[in-house]
Amino acid sequence: MMMDHEFENNAHGFPHSPHKSALSLAATETSSLSDSSSLGCADTVAEKQPGDIMKIYDSLSSEEVEQAALHSFRYYETRDETKRDAYAIAQVRRHYIAEKFDVHSAIRKMKATLKWREKIGIDAMRKTANAHSTDCESVNHMRNILEKDMETGKVYVMGYDRDGRALYIVTPAKKNSENEEDVIRSHIYTLERCIACTERKTNGEQERIICVFDFNNFSRKHSYPLKIIGKVFSVLKAHYPERIANMYFLDTSIVSRSVWAIVKPFVDPVTKKKICFVQGKKLKDKVFESLIDAEQASPILRSDGKMSTPFNADVFLNVPFDQSYCHL
């Protein structure tokens, strides 16, 4: 894919860096990203394999490199071409680690993710803020889907941990729909926002987010069909590699634990290891006081949490995409 001259421009006018420069960038990018406290031993291994990372990078067309870079909301907003390769390589690295350093599998999965993001409408999701005033039919349609499916506050972004990682909050008891496509889109939208919030808050130093599932008041009637639950976890595994730092399941009941027992075999082992069950006020205070400041926590996490504003979907959808609900 790389040419001998300094830059290759494709039909879309995207500059493509030469192999030598991009190889150096791969080593620099993985090294700088490894400074983040959220990165583990797998990232250290990836640091030592810039050649493999470049094999994946070299398999991408210029347009695919652009699409890979657009995983970053910052790049989406700025289109700073001097940083395009760095953002693209960061996404390459995530797939490489998730596929256990299998180059061919990482290439296949990454290309599939790029096609999936276009199909699911990530760009339209990002444009939904103030969409009431737009003439774009696809954006207005997306806005209407999200407003309706998220109106009860079943999923949103609110607050940050002490490392600047945004909190992805899910409240299953507030389920209001079993439309598979709408439910999936609401979760994807919120996940994209959570990642964007983390990127802004930490200036790109953190890549992973914190997921919280609050099972208070959950009963069997709130259970989604297993097909939908499985699809959500499948999307996380296939298209958001290396994005979850930890998952906390709060105040689970016999019903929610029985649902988890059925779903658990379909969840990949890496995700399973990140799940922590936290039961009762005393333990929640103990766990989250060490992770989240009271000013950034809702009462479901800490009894002294200051973020207690009731959720409003219209307000949430008008907060800038890379800022959390009730951001301070």
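The model is predicted, so local features need pLDDT of at least 70 and side-chain atom pairs count only at pLDDT 80 or more, while totals for chains, interfaces and linings use all residues. Residues are numbered from 1 along each chain as its sequence is written, and side-chain values use heavy atoms, with hydrogens and water left out.

**Helix 12 and its cover**

- Helix 12 spans residues 254-263, and S256, V259, W260 and V263 are buried in it.
- These residues cover an arc of only 100° around the axis, which puts them on the same side of helix 12; the arc is that of the directions from the helix axis to the C-beta atoms.
- Among the elements covering the buried residues of helix 12 are helix 11 (226-239), strand 6 (244-250) and strand 7 (275-278).
- A few terms: buried means under 20% relative accessible area, exposed over 50%, and partly exposed in between (1.4 Å probe, protein chains only). Contact means heavy atoms within 4.5 Å. Helices (H or I, at least four residues) and strands (E, at least two) are DSSP runs, numbered from the N terminus.

**A salt bridge across the sequence**

- The structure holds 23 salt bridges, each defined as a side-chain nitrogen of Lys or Arg within 4 Å of a carboxyl oxygen of Asp or Glu.
- One of them pairs D314 with R143, at 2.9 Å from N to O.
- Because D314 lies in helix 15 (residues 313-318) and R143 in helix 9 (residues 137-150), this pair ties together parts that are 171 residues apart in sequence.
- D314 is partly exposed at 36% relative accessibility, whereas R143 is buried at 1%.

- R185 counts as buried at 16% relative accessibility, while E181 is exposed, with a relative accessible area of 53%.

- In the salt bridge between D304 and R302, the closest N and O atoms are 2.9 Å apart.
- D304 is partly exposed, with a relative accessible area of 33%, and R302 is buried, with 8%.
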